[in-house]
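My notes follow in the order I took them.

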Amino acid sequence: MNTTTHAAPRSERAGRPADTPRGPARTRRRRVDLRAWGAFALLTAPMLIGLGVFKYIAIGWSFLLSLSNAQGTIALGDWVGLDNYRQLFGDAVFRGSLVKILLFTLFIVPVTFAASLGLALLVHRIRRGRAVLRTAFLIPAAVSYVAASLVWKMSLFSGMPAGIANMIGGWFGMEAVPWLQTGEPPLYWIALVTLRLWLQVGFYMVLFLAGLQAIPREVYEAAALDGATGLRLLRRITLPMLRNTSVAVLMLMFIAAFQAFDEFYNLFGGGMSGSGTAPVKTPLTYLYDTAMGAQNYGLGSAGAFVLTALIVGVTLVQGRVTGFGKSEE
Amino acid sequence: MTTVREGARALRRPARGLLAGVLMVVFLAPFYLMLRNALMDTRTLTSPEWTWWPSTMHWENFTALFSDPTLDMGRSLGNSLLIAAITAPVSTLLASAAGFALARIPVPGRGVVLGLVLATLMIPGSVTFVPTFVVVGSLGGVNTLWGIIVPGLFNPFAVLLFRNFYLQFPREIEEAGRLDGLGWLGLYRRIALPSSGAMLASLGALAFIDSWNAFLWPLVIGQDPSSWTAQIALSTFLTAQTINLPGLFAGAVVTITPLVVMFLVAQRHIVEGIAHSGLKG
């Protein structure tokens, strides 16, 4: 987001010198400006109207709904002030969902980060079969959460002895475990985390690979002349040179983790996403149940705002801490 | 390069290759499981006895999927295909048009328009399903395909990427087009658009993937089976009471095949697209 505020003046500067020497007469320039306006309006209108309706109007309306009692209706009018927000934070299930998603995020983000960076380094350094390897790691990114949830729920982590996890456990003399139904200890997290890792790691690996390819060879050669090897090269050269990529990747990972929904819904079933044996409601599943299940659009809207504020807040803090956009050339 | 380092590298190479091989098997294993399970019968699938590959292939699991009237996988796949086939090109073209205008056409107020577009980037996509449902619902879009498609056509992120791309577009070409008598619209249509093929392909492919795999929004808006997408049909099947496991895996194979094939064919573009979209934002 900072990138663009930096970029805007650059384009202005680039735009002027080419225009000014070409307009000898004022009248001509004015007519050209009018045409430019027409073209500009025509090219941007569809996007602006779409964003206007589906973002600006939607969010404005929803904000008003969050201040009204809107059950089974999306009509405004029955104002209740901040009652929805009060009710939301008074609900232990919602507070629990916030805690859960925070824990989930704090766990999944570093793990995904390390795994995708590790894979990128591996693929980058390998000499033969690099393309095949990259494809193997990337191809899960084409799979939907629904299809992956199916394999995880019914085959990998099924409670049956024939489930892969139980079969491997059996080789080591472990008893078969109902993975998704075990909350104490929280074994269901293993299924949740490995599923997301499998689906996402390849995507972020590609981002890291792009960053690695942008590091000039000479930098490594110079460091090698100074006698740096292995981990020192990684710590002193590779990681600092990947700084911009890392910051962008971290931000994407945070935002994606906070919006987790698909795997929770599909692994634990839409109906029991809270009352079941494994207490696994995320804020989005809570919102889904509130808005779509109970048809309470006022409360659902309030939840949407709380979650948006949380994500924007975390993103801003992260941007401040890591200096997003600042270190760009 | 010193000989010592060469030696160290040579030592580590086999270990690296082994690790890569093991990881590759781990990453591909779920695909194997999906296909294996799709071709088994229920009894072998649920038996504790491990079977590497079914002795008799139950291809009828796939045909049963399409003849099951309660599931109607054929229609759901058709819906998904239609939605993705409209969303990918339209959303990419809209973003490129807006990106071009914002990058190249110097009009007063351009900064304000850019700001309005970029501000929406701050709002995380799936969080806004309640507000979007409110608007689409009031326009009568519940249980319709347009209700699934239209809100997804406006991608501020793609606008940003196209804008960055067109900012680097050489001015000389623009001047040449102008000498040929092209106006702003002509410049966009005849010169800028045709020269952004790689961007269109990669962002289009990403939009297709996103649309094909989308879950939350189609779940919210398509409550009636007639507007189910393939993902929703599969999910309903997965959370249903009676479970036909091989059929379910056959369904999963069918829903992932188009994208896996697309990934394998268009991998270079998609990788470029991913690298672009992740880094420049």
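**Confidence, chain A.** I started with residues 271-278 of chain A, where pLDDT stays under 50. For that stretch the model has 10 contacts beyond four places in sequence. This is a predicted model, and I read the coordinates with that in mind. I then went to residues 1-27 of chain A, where pLDDT also stays under 50. Here I found 27 contacts beyond four places in sequence.

**Confidence, chain B and complex.** Chain B has a mean pLDDT of 88. In chain B, 93% of the residues reach 70 or more. For the complex, the predictor gives an ipTM of 0.90 and a pTM of 0.87.

I looked up the UniProt record, an unreviewed entry. Residues 101-123 of chain A are 100% helix and 0% strand. The end C-alpha atoms of that span are 31 Å apart. Residues 135-152 of chain A are 67% helix and 0% strand. There the end C-alpha atoms lie 21 Å apart.

**Salt bridges.** How many salt bridges are there over all chains? My search of the whole structure gave nine. I wrote up three of them.

I took A:Arg86 and A:Asp83 to begin with. Their closest N and O atoms are 2.8 Å apart. Both residues lie in helix α3 of chain A, three residues apart, about one turn of the helix. A:Arg86 has a relative accessible area of 58%, so I logged it as exposed. A:Asp83 is at 38%, so it goes down as partly exposed.

Next I looked at A:Asp289 and A:Lys281, whose side chains meet at 3.3 Å, N to O. Are these two buried or exposed? The cut-off for buried is under 20% relative accessible area. A:Lys281 counts as buried because its value is 18%. A:Asp289 is partly exposed, at 22%.

In chain B I picked B:Arg171 and B:Glu174, a salt bridge at 3.9 Å, N to O. Both lie in helix α9 (residues 171-179) of chain B, three residues apart, about one turn of the helix. B:Arg171 is partly exposed at 23%, whereas B:Glu174 is buried at 6%. Salt bridges with shared partners join B:Arg104, B:Arg171, B:Glu174 and B:Arg178 into one network.

**Surface patch, chain B.** Last, I looked for nonpolar residues on the surface. I found a patch formed by B:Leu35, B:Trp52, B:Trp53, B:Met57 and B:Trp59. Together they have about 580 Å² of accessible area. I followed up one member, B:Met57. B:Met57 sits in the loop between α2 (42-46) and α3 (60-67) of chain B. Its relative accessibility is 33%, so B:Met57 counts as partly exposed.

Notes: Residues numbered from 1 in each chain as written. Chains lettered and ligands numbered in written order. Predicted model: local features only at pLDDT ≥ 70, side-chain atom pairs only at ≥ 80, totals over all residues. Heavy atoms only, no water. Patch = residues over 30% accessible without salt bridge, like charges linked within 9 Å, V, L, I, M, F, W, Y side chains within 5 Å. Areas by Shrake-Rupley, 256 points an atom, 1.4 Å probe, with all protein chains shown as cover. Salt bridge = Lys/Arg side-chain N within 4 Å of Asp/Glu carboxyl O. Helix = DSSP H or I, 4+ residues; strand = E, 2+ residues; numbered from the N terminus. Buried < 20%, exposed > 50% of the residue type's maximum accessible area, 1.4 Å probe, protein only. UniProt positions renumbered as here; feature names shortened; annotations may be inferred. pLDDT = per-residue confidence, 0-100. Contact = heavy atoms within 4.5 Å.
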